[in-house]
Amino acid sequence: MSASKTGVSAATRSFTAGRAFVSKNTNLVTFIILAIVLSLLTHGKALAWDSVQNLLIAESVRAFAALGVGLIIITWGIDLSIGSVVCLVASVSASFAQNPDYAAALYAGKDFPLWLPIVAGILTGAFFGLFNGVLVAYGKLPAFIATLGTMSIAKGAQLIYTRASVVGSLKNTYKDFAQGSVGPIPHLAIFVAIAALIVWIVLRHTRLGTSFYAIGGNKVAARVSGINVEKNLVIVYLFAGALYGIAGTLLSSRLGLANALTANGMELDAIAAVTVGGVSQTGGIGTMSGMIIGVLTLGIINYGMTYLGVDSYYQLLIKGFIIIIAVFFDMKKYARRA
Amino acid sequence: MDTQNEFVLQMKNISKSFPGVRALDDVTLNVRPGSVHALMGENGAGKSTLMKCLFGIYHAESGEIFFKGKPVKFHSTKIALEAGVSMIQQELSNVPARSISENIWLGREPTVGFGPFRFLNHRKMREDTRALMTGLDMDINPDEQVGNLSISRQQACEIAKAVSYDASVVVMDEPTSSITETETEHLFKIIRDLRSKGVAIIYISHKMSEIFKIADEVSVMRDGRMVGSYAAADLTEDKLISLMVGREGTNRFPPVESTIGEVKLKVSGLTSANPRSFKDVSFELRRGEILGIGGLVGAQRTELVEALFGLRETVRGEVFIDGKKVKIRSSKDAIRHGMGFITEDRRGSGIFPLLSVSVNTAIPSLEHFQNKLRLLAHRRILAETTKYNEALRTKTPSMATLIQNLSGGNQQKVLVSRWLMTQPDIIIMDEPTRGIDVGAKYEIYMIMADLAKQGKSIIMVSSEMHELIGMSHRIMVLCEGRHTGTLDKSEATQESIMRLAAQFI
């Protein structure tokens, strides 16, 4: 009698603990369930190592964008310019990495050192981030509008710079940069891991990160507490811009070319990913691990649907619903704040 | 006489409580048609709460409301307006980018057309507006955008709107708080006009001179109770003040036993960049001293302390700390010069609801808690924030608990801990006990007394007379942004403060 009682209470206890874990790590649990479902549906084939490798490669560029916009959303901002900026960065970096003997190259006959496309790419991204940051912080423009303008500017710049043509025939040494791997681990996954680690350190272990949360949570209180709100906003957009710079550079290296459609719609994917990963649109909430899990969750949904042969048109439709549902629950969860 | 004819509006035995406060206690108000009925009382006496009960913004727990002899229960300002009870609010609620006539007929626009196809009848709206304005002797173009009008003109439009609803009762909450003297004269003319048409006006104001100029009857509230209703002709200014502040002494404050030291902060001629805000304010604050700042709503007390803390711009004036001239352009400068600021709006400008108690405490001090790599020293932060919060006896499940889950009083203690951790010499507290219960209030007072004893200097802005008199060594009084006088503890009474607070009004 008493034994069964303790048995029940132990079960209840572990159930309660389990429920607490689930509610605290909803994103992770969702991701794991999706992975298991996909494995079962494909008899384990979908999650064999080379498939996982593909998934990592496909999602890594998006991960950079997600980390950047994730930080911005934590400060209660938004960035719609990601796709265009990454596209421009990819084109700029590609233009410095074309084979010198390629007749249609933007700088035909010139052989640039390998570091140039990388530096130029990151600087281009950082420049647009800085531009957004100054508009939002000092120009007091709503982030939505400021970055909407930047989106168009970057797209225009890309078309002008490339004369609306494909920047192709990239050097193999440059392509190895993103396409190579160390043993079984793709380069790209390593780069993402480094970026994620840096974001984690910033958010968890620096004053800067604490300021981001503070600004997103209560801008007025942040100002009273001696935080330079404007400076911190510029930093967050600049930092995000640098991450887009890396994303664009790696993208051109991975694809071996860049054109006007490169990274098309990436802002949506990135914003959706971090939202699914628990970065709240109400500001002040979000973690690095959430952002990465969000990217992987959307990735596995994309990948799973492709693997199961879902028509790509339907994929788009389903993705839209997933984003709406994620934000719906996010808003419900934090509705009390309003 | 039959009460049905005598009073147009009766609020009988209204009671309303909020957690920890009895906001209204058996309040009765009778308003005659064709009269101006002033409703007076200190900040927090319950005037606004009473009006909110009338308009259904709050629901009274007991009591009845009769309008034209019939019991009524308004569920919103709109329903009240349609019945003929209108409110001109302190903050005007119009649509600035639309025309005057569109604003007046908002939500009940005349239309033309047939069946479901209805279109706005702009011509009729314009003509009706013009007729309305002529009736009120107002010279206003109905097509003017409301946003382009001066505040007093906007008010006049609100009044016109009330008249257009055939209002028999119009409530005006501090209508002259943001208009000039000539504009006030014009407003009074409109009020007298309405009165002669049989409209009853409930006039809420702090301004003595206005009351005696315009009111027929005066009802005085204090601490949520109705003190009484009097014919304005039977009152004097002194009598009214003593009715408003009452006489009872209280023992709700700990003794402040500190030694007053040398001058810590000296402010001279400080003038706000905003011409409507404070002007030419000078004062001194000594070590171990609690300086109270009193005044009515609109006295610019918060603006003054925000400017001291670098949150608002000033155009003139100097600030000295320890005899040295300092420039404080941001809160960061203020913190560096040893100042701390507990703001009046705890939710709006104090707490970070989604961050932990520990981070909320540490935020302005974080630069002192970094290791050589500029990473945060989490363990040291936790130890230090725990120390400060334990010293103030903040009740929290853990230091990792989100601050939004704490009670108001405990949130306030976290904020006090926050600013003590920056080790300030000057602590500004704006309404330090607003919205917290009586027990927690006493604890905050104890903390203040203790800080003064340690030689810290405190500036306390407060709207509560008892608190000002009970806690301050000296009380500086502002009226409409000007420094009207400073009272020593020995000479501070509610009457003397009120007189200074209403000096220019």
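B:Phe114 stands opposite B:Phe117, a residue of strand S8(B). The model is a predicted one. Chain B also holds two open sheets, one ordered S6-S9-S10-S3-S11-S12 and one ordered S18-S19-S20-S15-S21-S22.

- Strand S7 covers residues 111–114 of chain B, and strand S8 covers residues 117–120.
- The two strands pair in the antiparallel sense, over four bridges.

- In general, strands of a sheet pair through backbone hydrogen bonds, either parallel or antiparallel.
- Strand S6 (85–88) and strand S12 (225–231) of chain B stand at the edges. Each has a single partner strand, so one side of each is left without a neighbour in the sheet.
- From one strand to the next, the twist averages 20 degrees.
- S6(B) runs parallel to strand S9 (residues 169–173) of chain B, and four bridges join them.
- Within this pair, B:Ile88 stands opposite B:Met172 in S9(B).
- Helix H2 (residues 47–54) of chain B packs on the sheet.
- Helix H6(B) lies across S6 and S9 of chain B. H6(B) runs at about 175 degrees to S6(B).

**The sheet from S18 to S22**
- This sheet of chain B is also open, with six strands and mixed pairing.
- Its edge strands are S18 (339–342) and S22 (482–488) of chain B. One side of each is left without a neighbour in the sheet, because each has a single partner strand.
- The twist here averages 20 degrees from one strand to the next.
- Strand S15 (residues 290–294) and strand S20 (residues 457–461) of chain B pair in the parallel sense, over four bridges.
- B:Leu291 has B:Ile459 in S20(B) as its bridge partner.
- Helix H15 (residues 408–421) of chain B packs on this sheet, touching S18 and strand S19 (426–430) of chain B. The directions of H15(B) and S18(B) make about 170 degrees.

**The domains**
- Chain B is assigned domain 1 (3–245), domain 2 (261–338 + 426–440 + 458–505) and domain 3 (348–423).
- The C-alpha centres of domain 1 and domain 2 of chain B are 33 Å apart.
- Across that boundary, 12 residues of domain 1 of chain B are in contact with 13 residues of domain 2 of chain B.

**A cavity**
- The whole structure has three cavities of 30 Å³ or more.
- The second largest cavity holds about 50 Å³ of space.
- Its lining consists of B:Asn94, B:Asn103, B:Ile104, B:Val146, B:Gln154, B:Cys157, B:Glu158 and B:Lys161.
- Three of these lining residues are nonpolar, three are polar and two are charged.
- Helix H4 (100–104) and helix H6 (151–164) of chain B each supply at least two lining residues.
- H6(B) gives the largest share of the lining, four residues. This is the helix that lies across S6 and S9 of chain B.

Methods: Residues numbered from 1 in each chain as written. Chains lettered and ligands numbered in written order. Predicted model: local features only at pLDDT ≥ 70, side-chain atom pairs only at ≥ 80, totals over all residues. Heavy atoms only, no water. Pairing = 2+ DSSP bridges. Axes fitted to C-alpha atoms, helices over the stretch in contact; angles between N-to-C directions. Contact = heavy atoms within 4.5 Å. 1 Å grid on protein atoms, 1.4 Å probe; cavity = no way out; pocket = protein on both sides within 12 Å on 5 of 7 lines; lining within 4 Å. Points joined across faces, edges and corners; volume = space filled by probe spheres on them. Nonpolar A, V, L, I, M, F, W, Y, C, P; charged D, E, K, R; others polar. Domains from an automatic or database assignment.
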